[in-house]
Amino acid sequence: MTTAAGLRTHRSGELTEANIGEEITLCGWVAKRRDHGGVAFLDLRDATGLLQVVVDPNLPGLDDVKRVRSEWVLQLTGTIRPRP
């Protein structure tokens, strides 16, 4: 299902364990960004909830993520993984 004129496939609050392994697209505001030795974390919020995004340091674009600040609005695509 794609909503908001094709901008997203899901909302944060709709995601469950059943979504593990799916590639999804979310839109939301950055609540917080953290960098832990190359691995970046973004807390992305929308009207339905909050989702932690883990940015793989081996993928291109990590330098772009390091510039992201709180309250920036982003559209992100990635695969849902279970928390370790």
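Which residues is Ser 12 in contact with, leaving aside its neighbours within four places in sequence? Ser 12 is in contact with Leu 26, Leu 44, Asp 46, Thr 48, Gly 49, Leu 50 and Leu 51, where contact means heavy atoms within 4.5 Å.

## Basis of the model

This is a predicted model, in which local features need pLDDT of at least 70 and side-chain atom pairs count only at pLDDT 80 or more, while totals for chains, interfaces and linings use all residues. Residues are numbered from 1 along each chain as its sequence is written, and side-chain values use heavy atoms, with hydrogens and water left out.

## The segment before strand 1

Ser 12 lies in the segment before strand 1. Helices (H or I, at least four residues) and strands (E, at least two) are DSSP runs, numbered from the N terminus. Ser 12 counts as buried, because its relative accessibility is 9%; buried means under 20% relative accessible area, exposed over 50%, and partly exposed in between (1.4 Å probe, protein chains only).

Thr 16 is found in the segment before strand 1 and counts as partly exposed, at 48% relative accessibility. Between Thr 16 and Arg 83 there are 67 residues of separation in sequence and 12 Å in space, C-alpha to C-alpha. Glu 17 also has its place in the segment before strand 1, and at 70% relative accessibility Glu 17 counts as exposed. Glu 17 and Pro 82 are 65 residues apart in sequence, and their C-alpha atoms are 7.6 Å apart in space.

## Salt bridges

How many salt bridges does a search of the whole structure find? The search finds 2 salt bridges, each defined as a side-chain nitrogen of Lys or Arg within 4 Å of a carboxyl oxygen of Asp or Glu. Side chains of opposite charge can pair when their charged atoms come close.

Asp 43 counts as buried, at 14% relative accessibility, whereas Arg 34 is partly exposed, with a relative accessible area of 23%. Another salt bridge is formed by Arg 45 with Glu 71, the closest N and O atoms being 2.6 Å apart. This pair links distant parts of the chain: Arg 45 is in strand 2 and Glu 71 in the loop between helix 1 and strand 4, 26 residues apart. Arg 45 is partly exposed, with a relative accessible area of 31%, and Glu 71 counts as partly exposed at 46%.

## Backbone at Glu 71

Glu 71 has a positive phi of about 75° although it is not a glycine. Most residues other than glycine have a negative phi, and most peptide bonds are trans.

Asp 43 is in strand 2 (residues 39-46). The side chains of Asp 43 and Arg 34 are joined by a polar contact of 3.0 Å. A polar contact is a pair of N or O atoms within 3.5 Å; within protein, one must be able to donate a hydrogen and the other to accept it, and residues adjacent in sequence count only if both atoms are side-chain atoms. Not counting residues up to four places away in sequence, Asp 43 touches Trp 29, Val 30, Ala 31, Lys 32, Arg 34, Leu 50, Leu 51 and Gln 52.

Ala 31 has its place in strand 1 and counts as partly exposed, at 34% relative accessibility. With neighbours within four places in sequence left aside, Ala 31 is in contact with Asp 43, Arg 45, Leu 50 and Ser 70. The C-alpha atoms of Ala 31 and Gly 13 are separated by 15 Å, with the two residues 18 apart along the chain.

## The largest pocket

The largest pocket has a volume of about 970 Å³. Of the 32 residues that line the largest pocket, the closest to its centre are Gln 52, Val 53, Val 54, Gly 78 and Thr 79. On a 1 Å grid over the protein atoms alone, a pocket is an open set of points where a 1.4 Å probe fits, with protein on both sides within 12 Å along at least five of seven lines; lining residues have an atom within 4 Å of a point. Grid points are joined across faces, edges and corners, and a volume is the space filled by probe spheres set on the points.

Strand 3 gives the largest share of the lining, 6 residues. By class, the lining has 21 nonpolar, 6 polar and 5 charged residues. Ala, Val, Leu, Ile, Met, Phe, Trp, Tyr, Cys and Pro count as nonpolar, Asp, Glu, Lys and Arg as charged, and the others, Gly among them, as polar.
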